[in-house]
Amino acid sequence: MLPYPSINPIAFSLGPIKVHWYGLMYAVGFIGAWILASYRANKPNSGWTMDQVSDLLFYTALGVILGGRIGYMLFYDFSNFLAHPWIIFQVWQGGMSFHGGLLGVLLAIYLYSRKTGKHFFDITDFTAPLVPIGLGAGRIGNFINGELWGRVTDVPWAMVFPHAGPLPRHPSQLYEFFFEGILLFSFLWVYSSKKRPRMAVSGWFALLYGVFRFILEFFRQPDTQIGFLAWNWLTMGQLLSLPLIIVGLALIYKAYATKINNAEHLNASF
């Protein structure tokens with residue numbers, strides 16, 4: 001068993017203002033996304049300007065924060081939200097939903113698409129490789145907060161989390177950091193470094209995240225206020241990830257089917 005590295009969730013204070021590690025991890029995600037988006041935008045024929053990148057990240061940041069918090073309240077803590085609606089503003093205590101954040105980002109991208117005239121899926125393909133940076137940083141924030149811990153286990157790397165009782169548990173936040181952060185980013189960054197059919201990058205993001213999240217939910221303790229939804233194993237995270245897997249497969253199929261049809265049409269015209 002490994003000792004849990006108890007870290008003060010408050011990174012530092014500026015007078016009466018307390019800066020939490022959880023908030024800093026979001027800053028890491030946004031700054032990292034901006035740096036890599038700028039790198040891609042500065043490549044020849046990228047189709048993006050720095051002003052467009054800055055505007056896009058502003059839109060998506062609002063989508064992540066508002067969608068993530070509202071999604072958590074609706075999907076995971078609705079009864080508590082109804083009883084204490086002001087807790088929606090207490091983001092420093094954790095409680096952000098990826099699936100809610102994703103819906104918020106998609107809405108933000110739709111509005112950005114309407115404003116700029118860029119194709120919706122050109123924007124999602126550009127954005128998708130940047131998302132795992134924030135996902136990975138967020139999981140580190142969960143680990144520092146000692147929240148969203150794993151299920152009871154006897155594996156050698158199990159940890160006793162300070163708010164989860166005396167039994168050792170999977171450090172599932174670190175599993176998610178690796179798969180949803182490092183591995184997902186590595187694949188998407190390399191895959192998108194070459195020109196791909198429209199929707200392909202977005203499809204692979206949805207498919208891989210959905211698969212990773214569905215599997216990792218078997219190691220993560222279900223939220224106490226919800227528990228298992230069915231069959232003593234299905235969690236809310238798994239239920240919300242199933243549409244992502246289906247949509248991801250559909251987008252990949254459509255992307256490459258369209259590419260093949262376009263190539264056949266071009267050949268037939270000669």
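On a 1 Å grid over the protein atoms alone, a pocket is an open set of points where a 1.4 Å probe fits, with protein on both sides within 12 Å along at least five of seven lines; lining residues have an atom within 4 Å of a point. A volume is the space filled by probe spheres set on the points, which are joined across faces, edges and corners.

This is a predicted model, in which local features need pLDDT of at least 70 and side-chain atom pairs pLDDT 80 or more, while totals for chains, interfaces and linings use all residues. Residues are numbered from 1 along each chain as its sequence is written, and side-chain values use heavy atoms, without hydrogens or water.

Start with the second largest pocket, which holds about 730 Å³ of space. Select Ser46, Phe126, Ser192, Lys195 and Arg196, which lie nearest its centre among 20 lining residues. Helix α5 (residues 120–127) gives the largest share of this lining, three residues; helices here are DSSP runs of H or I, at least four residues, numbered from the N terminus. By class the lining has six nonpolar, five polar and nine charged residues (nonpolar: Ala, Val, Leu, Ile, Met, Phe, Trp, Tyr, Cys and Pro; charged: Asp, Glu, Lys and Arg; polar: the others, Gly among them).

The charged end of Arg196 sits over the ring of Tyr191, 4.2 Å from its centre (CZ of Arg or NZ of Lys within 6 Å of the ring centre and within 35 degrees of the ring normal). Tyr191 is buried, at 10% relative accessible area (buried is under 20%, exposed over 50%, partly exposed in between, with a 1.4 Å probe and protein chains only).

Tyr191 is in helix α7 (residues 172–191) and Trp204 in helix α8 (residues 200–216), 13 residues apart.

Now select Trp48, Phe58, Tyr59, Tyr112 and Phe126, a cluster linked by ring pairs. Lys118 lies over the face of Trp48, 4.2 Å from the ring centre.

Finish at the largest pocket, with about 1,200 Å³ of space. Its lining has 50 residues, with Tyr22, Tyr26, Gly95, Met96 and Ser97 nearest the centre. Helix α2 gives the most to this lining, eight residues.

Conventions: Helix = DSSP H or I, 4+ residues; strand = E, 2+ residues; numbered from the N terminus. Phe/Tyr/Trp six-rings, centres within 6.5 Å; stacked < 30°, edge-to-face > 60°.
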